[in-house]
Amino acid sequence: MSKIMRRVISTAKAPAAIGPYSQAVQVGSTLYVSGQLGLDPQSMNFVSDSVVDQAKTALENMGHILEAAGTSYGNVVKTTVLLKSMEDFGKVNDVYASFFKEPYPARAAYECANLPKYGLVEIEAVAVVGELEDK
């Protein structure tokens, strides 16, 4: 049986993991990006108390990880958005729409009792590394 490649993805352009996990792991051509918060990668503090700013920074951090893996937002096929308050859904959705274009990834969104470091939004993704053809 042939072996499947597993590669840990890490970049200093995104916040370091705040626990025993990797920023992303690639298995074969599938990339699993850990949940990203709106943290400044240098200070490891939130960029602001605004859900809009945190969502924008979380997605920018995700972009740096995607780039480190050799892929991009266009190859993201699934995301999960975790919100401190579902009342912020519309604001986060507006930010999200500025990063992803059609065909949009599949997505789930949940309200959580709490997020790491008491963030307002966390976004994780599954992406494909390699050329995609849309049909």
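Analyst: Happy to! Among contacts in the chain between residues at least 6 apart in sequence, 69% link residues at least 24 apart. Please keep in mind that this is a predicted model.

User: What counts as a contact here?

Analyst: Two residues are in contact when heavy atoms lie within 4.5 Å.

User: Which helices and strands does the chain have, and what makes it as compact as a globular protein of that length?

Analyst: The chain holds two helices and six strands, and along the sequence their pattern reads β-β-β-α-β-α-β-β. The radius of gyration is 15 Å, close to the 14 Å that the globule rule gives for 135 residues, so the chain is as compact as a globular protein of that length. Along the principal axes, the C-alpha atoms fill a box of roughly 50 × 35 × 25 Å.

User: Why is threonine 79 called buried?

Analyst: Buried means under 20% relative accessible area. Threonine 79 has a relative accessible area of 0%, so it is buried. Threonine 79 lies in strand β4 (residues 76-83). Leaving aside residues up to four places away in sequence, threonine 79 touches Tyr96, Phe100, Pro105, Ala106, Arg107, Ala108, Ile123, Glu124 and Ala125.

User: And why is glutamine 42 called exposed?

Analyst: Exposed means over 50% relative accessible area. Glutamine 42 has 61% relative accessibility, so it counts as exposed. You can find glutamine 42 in the loop between β3 (30-36) and α1 (51-68). The C-alpha atoms of glutamine 42 and threonine 80 are separated by 25 Å, and these two residues are 38 apart along the chain.

User: How much of the chain counts as buried, and how much surface is accessible?

Analyst: Of the 135 residues, 39% count as buried. The accessible surface comes to about 7,700 Å², with 53% of it belonging to carbon and sulfur atoms.

User: What makes a space a cavity, and how many cavities of 30 Å³ or more are there?

Analyst: A 1.4 Å probe fits in a cavity but cannot get out. By this rule the count comes to two cavities of 30 Å³ or more.

User: What is the volume of the largest cavity, and which residues line it?

Analyst: The largest cavity has a volume of about 110 Å³. Its lining is made up of Pro15, Ala16, Ala17, Ile18, Tyr21, Gln23, Ser34, Gly35, Gln36, Leu37 and Leu39. By class, that lining has seven nonpolar, four polar and no charged residues. Gly35 is one of the lining residues, and Gly counts as polar.

User: What lines the second largest cavity?

Analyst: Val81, Phe89, Val92, Asn93, Tyr96 and Arg107 line the second largest cavity, which holds about 30 Å³ of space. Helix α2 (residues 89-97) gives the largest share of this lining, four residues. The lining divides into four nonpolar, one polar and one charged residue. Arg107 is in this lining, and Arg counts as charged.

Note on methods:
Residues are numbered from 1 along each chain as its sequence is written. This is a predicted model: local features need pLDDT of at least 70, side-chain atom pairs count only at pLDDT 80 or more; totals for chains, interfaces and linings use all residues. Side-chain values use heavy atoms; hydrogens and water are left out. On a 1 Å grid over the protein atoms alone, a cavity is a set of points where a 1.4 Å probe fits but cannot get out, and a pocket is an open set with protein on both sides within 12 Å along at least five of seven lines; lining residues have an atom within 4 Å of a point. Grid points are joined across faces, edges and corners, and a volume is the space filled by probe spheres set on the points. The radius of gyration is taken over C-alpha atoms; the globule rule is 2.2 Å times the number of residues to the power 0.38. Buried means under 20% relative accessible area, exposed over 50%, partly exposed in between (1.4 Å probe, protein chains only). Accessible areas come from the Shrake-Rupley method with a 1.4 Å probe; for residues, only the protein chains shown count as cover.
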